[in-house]
Amino acid sequence: MSDVCIVGIGIHPFGRTDGLSGLDQGVFAVRQALADAGVDWPQIQFAYGSSDAAGNPDTMVDRLGLTGVQFINVRNGCAAGGSALFSAQMAIKSGEFELGLAVGFDKHPRGAFNALPSEYNLPDWYGEAGYMVTTQFFAAKIMRYMHMFGISNETLARVAEKAFRNATHAPHAWRRQPVPIEEILAAPLVSDPYTKYMFCSPAEGGVALVLASEKKARELGKPLVRLKAATMRTRPPHSFEVFAPSVDVVADDSMPRGTATRIASADAFRLAGIGPGDIDVAQLQDTEAGAEIMHMAENGFCADGDQERWLSEGRTEIGGALPVNTDGGCLACGEPIGASGLRQVYENVVQLRGDGGGRQVPGHKRGSGPKTAYSHVYGAPGVSAVTILER
Amino acid sequence: MRAIAEGLFTDETPPRLLGGRERATGRVVFPCPAGDSCDPVPLAREGRLWSYTVQRYRPKTPPYAGPEAFAPWIVAYVELPGEVIVEARLVGVDFGAVRIGMPVRLVPLALDPEAAEPLAIPAFAPMEGTRA
């Protein structure tokens, strides 16, 4: 079967853009992606759009042109963007279409996400008691992981420090001022062990990707960035997830539990026919500093506990053996739920094309720049999406 | 003290938490869901701390119904051996002295002690004279 290729990318800067709706930011990204691919809107045969809190993506046909195009909306928690991309590549793989679009955007109010128990099939008292707070889960998950595998607060701080430093070179990032490790560690705690610099903030932004069959990509004369795998998976039994009034006991609780991430990752590597050691650059969900740490292991890049050494040795720096979150990830870009998964893929295409400027991965593993790129998102209540790109 | 919701605690003194045992699988969950998929089952009063964090800012209202004046509190996951791990408050211990694995016992807590009619939520406290 021929590969699906990414032939155009567009992004509206992440962060806060007063006066511009989430949908407007999505339209901005689509126009940029179309121009990048060298195609016009009427050539687009289908679109999948993801947004969690900024309205129905398909309504953007108002702005882009009433061509009658097929346009399907996707809402899938933090995996929404990944789900849109998965669906888009299936539409091409099936042979139904040759050229289409995956677009994601969002615009969240300031402050923590405000979830209600009824949206998650939970009783009202659970919210009244103060547990509908996503940061509690993330903090409790890393607290146990640190206890089990000897991860230090300094390592958490190193992740955040790297994010803001990488972001200084990423025009689409939000928080682009470096913050010293000491300041990250001394900042007010939000939810122990995390200080305010170790959590991402809900934000705004838009990303669009134009996808084409290999045949169409060759016609367009674009460099072939191949989507070798795109997977979206849900959680296995006994996993620990956000908004959990209870968690299963297991016979042996001395190792991390199964997660949607582990399943999505293993399947993506199987589909791509390569392993974690073959990846040149990775974007791993880092909604908080510990997420990047745990996701390094859950995606198979290192053993549990090795992160302590990896971070202190700089292995995940842009010049390291496996650069992680080269644009600063969610920590520096913020989290517009519908757009984050696609931002990771955008960043990977930038890296594979060699357009990363000050944040470009040298790709010394094989000489001339990175050849393979990995992206991963995780969301409530136990969903994950992974992609592997190759040029 | 009245419970924040029906079916969370047993009626005995002192109370226990009420979980649910899934009829099809035997798996224990908390709280016991409505419907007939689960049989209510009283849970152990004592367990060990599985993980925790400290809630450092006041959650948004709604849905949070705690007092306006906010002081940070501990969110705990407590493993009740062979049954289930439950989410609850942890009280009676300094934040810096909390240790994963420490033995704890159920002590229902008023969500807002100043309320005209305080409502009890699940909470645990370290067991006296024990060490993690």
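Q: On a 1 Å grid over the protein atoms alone, a cavity is a set of points where a 1.4 Å probe fits but cannot get out; what volume does the largest cavity have?
A: The largest cavity has a volume of about 230 Å³, a volume being the space filled by probe spheres set on points joined across faces, edges and corners. This is a predicted model, in which local features need pLDDT of at least 70, side-chain atom pairs count only at pLDDT 80 or more, and totals for chains, interfaces and linings use all residues. Residues are numbered from 1 along each chain as its sequence is written, chains are lettered from A and ligands numbered from 1 in the order in which they are written, and side-chain values use heavy atoms, without hydrogens and water.

Q: What makes a residue part of the lining of the largest cavity, and which residues lie nearest its centre?
A: A lining residue has an atom within 4 Å of a point. The largest cavity has 20 such residues, with A:Lys141, A:Tyr145, A:Phe240, A:Pro256 and A:Arg257 nearest its centre. Two or more residues come from each of α5, α9 (260-272) and α10 (289-298) of chain A; helices are DSSP runs of H or I, at least four residues, and strands are runs of E, at least two, numbered from the N terminus. The most, five residues, comes from α5(A).

Q: Which residues lie nearest the centre of the second largest cavity?
A: They are A:Asn114, A:Met132, A:Val133, B:Pro59 and B:Lys60, out of 13 lining residues. This cavity holds about 90 Å³ of space.

Q: How is the lining of the second largest pocket divided by class?
A: It has 14 nonpolar, no polar and one charged residues. Ala, Val, Leu, Ile, Met, Phe, Trp, Tyr, Cys and Pro count as nonpolar, Asp, Glu, Lys and Arg as charged, and the others, Gly among them, as polar.

Q: Why is the meeting of A:Asp248 and B:Arg27 called a salt bridge?
A: The term asks for a side-chain nitrogen of Lys or Arg within 4 Å of a carboxyl oxygen of Asp or Glu. The N to O distance here is 2.8 Å, so the pair qualifies. The rule finds two salt bridges across the interface of chain A and chain B.

Q: How far apart in helix α8 are A:Lys215 and A:Glu219?
A: They are four residues apart in α8 (residues 214-220) of chain A, which means a separation of about one helical turn.

Q: How many residues of each chain are in contact across the interface?
A: 37 residues of chain A are in contact with 40 of chain B, contact meaning heavy atoms within 4.5 Å. The two chains bury about 3200 Å² between them, 58% of it on carbon and sulfur atoms. Buried area is the accessible area (1.4 Å probe) that two parts lose on being put together, summed over both.

Note on methods. 1 Å grid on protein atoms, 1.4 Å probe; cavity = no way out; pocket = protein on both sides within 12 Å on 5 of 7 lines; lining within 4 Å.
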